Amino acid sequence: MQLEDFVTVKNIEAEAWEALEKSIVYYQGRPIGTVAAVDTSADALNYDQVFVRDFVSSALIFLAKGRTEIVRNFLEETLKLQPKERQLDAYKAARGLMPASFKVVSVDGKEFLDADFGEHAIARVTPVDSCLWWIILLRAYVVATKDFCFAYRPEFQTGIKLILELCLANRFDMYPTLLVPDGACMIDRRMGIYGHPLEIQALFYAALRAARELLICENNTGNQDIIAAIDNRLPLLCAHIRQHYWIDLNRLNTIYRFKGEEYGKMAVNLFNIYADSLPYYELDKWLPVKGGYLAGNVGPSQLDTRFFSLGNLMAIISELATEEQSQAIMNLIDERWDNLIGDMPMKICFPALEGEEYRIVTGCDPKNIPWSYHNGGSWPVLLWMLAAAAVKTNRTDLAKKALAIAQPRLRQDEWIEYYDGKKGRLIGKQSRKYQTWTIAGFLLAKELLENPQHLPLVSFEELPQELVSRACEFEISSVDTSLYF
């Protein structure tokens, strides 16, 4: 790197930090989080709030830099917003739910936090992922500070248990995955991801791993039932995702020859996937020989073959995917660089819904037109997850290449929220400037590549192989699982 290039990079980082500092929200004189965006050129709407999901990338870069106070304050105050009482009111947040966002409100000189659990959101979306990200972030704080006593405080033990009771409750479902409606995660609009979307399953797995580390195991804590439920669910969830969500050429050939309407214990096509519902010939052209990925969704007669970046990257980071699958996902990103990275890393999903499928699935959503926003748009915040996955798989060359593409444009375009177009060349139609998680994602990606010792903030060791193998015995399937383990 030439001296002038080095100076330019440092200037970009300094500007990013300056913008991140401006986004910090204070409550009763203490830093408590970061607003979604500081864009003075547009109406604030809800972008002036602190979103649990959005703050994670800011929190992680603060933790990496030793600035733990803001993360501690965030965790304490959001915990106070969690509903603790059981209620059957359908229009109120369920016990254990974490808010999508909150803002500081001042009345008669007194400050308080006004939380939004989705009741004010567009389409009244309930945030399933907020609970999961909150546990993951709590564990990251403990890893960074070694302050286990913080998580062992009774109110935090209760908060974790309430979230898990919500996630692990008996329901009208017999899968180890988590059943959610459309719009329950980063993709918070109608995009056909209802059911068991990969993003939620990857976060669910990471949250279970984090909770297992944080919950006190002594007999007098009352945590035994929750811990037993986690120990039961983890290997089943892991085996289920690795086996039934995986798509590569070998798996595609198996699915291609599925028979429908199978009944009983000897069924191979467990989810009754109809061959004609899948874009086989497009997949046959797109899948590299040594590449593969985890499907976007699996359920009754449903195999969503779209590639969703957040779910696949988090599966690598959290060890939900096997080492072989993780390498195959990185191979896919490398081989299909123009599709998934293009001129602005990286696509939130690929391919976009188009034509009649777009109209039916999205409800003609004008924000989710093909190759825009959540329908094939490019989101720079995903850079930090790409960097983390690259460090995890020793493929840092891919993340460095992606970062080099993004860096000059992010500064030039004033840290835009998302990009449109098949290669991410267009600034998103409704994209906000100085989007905080774009800024934090860029800084965190650079930090992870320069100091990979921070990866344990979000990463885990692999589950013991015998646990996952044993879980496969519960899967009523005659499919050759040797391809997946």
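Pairing here takes at least two DSSP bridges between the strands. Ser-101 sits opposite Asp-116 in β5. There are 2 residues between the strands, and Asp-108 has a positive phi near 55°.

Quick caveats: this is a predicted model, with local features needing pLDDT of at least 70 and side-chain atom pairs counted only at pLDDT 80 or more, while totals for chains, interfaces and linings use all residues. Numbering goes from 1 along each chain as its sequence is written, and side-chain values use heavy atoms, leaving out hydrogens and water.

Now helices, meaning DSSP runs of H or I with at least four residues, while strands are E runs of at least two, numbered from the N terminus. The axes of α2 (residues 52-64) and α17 (residues 436-450) come within 8 Å and cross at roughly 35°. Those axes are lines fitted to C-alpha atoms over the stretch in contact, with angles from 0 to 180 degrees between N-to-C directions. Who's touching, with heavy atoms within 4.5 Å? Among them are Leu-60 and Ile-61 of α2, and Trp-437 and Leu-444 of α17. By class that contact has 7 nonpolar, 4 polar and 3 charged residues, where Ala, Val, Leu, Ile, Met, Phe, Trp, Tyr, Cys and Pro are nonpolar, Asp, Glu, Lys and Arg charged, and the others, Gly among them, polar.

Next pair: α3 (residues 69-81) and α4 (residues 129-145) have axes within 10 Å, crossing at roughly 140°. Their contact includes Phe-74 of α3 and Trp-134 of α4, and divides into 8 nonpolar, 1 polar and 1 charged residues.

Definitions and conventions
Contact = heavy atoms within 4.5 Å.
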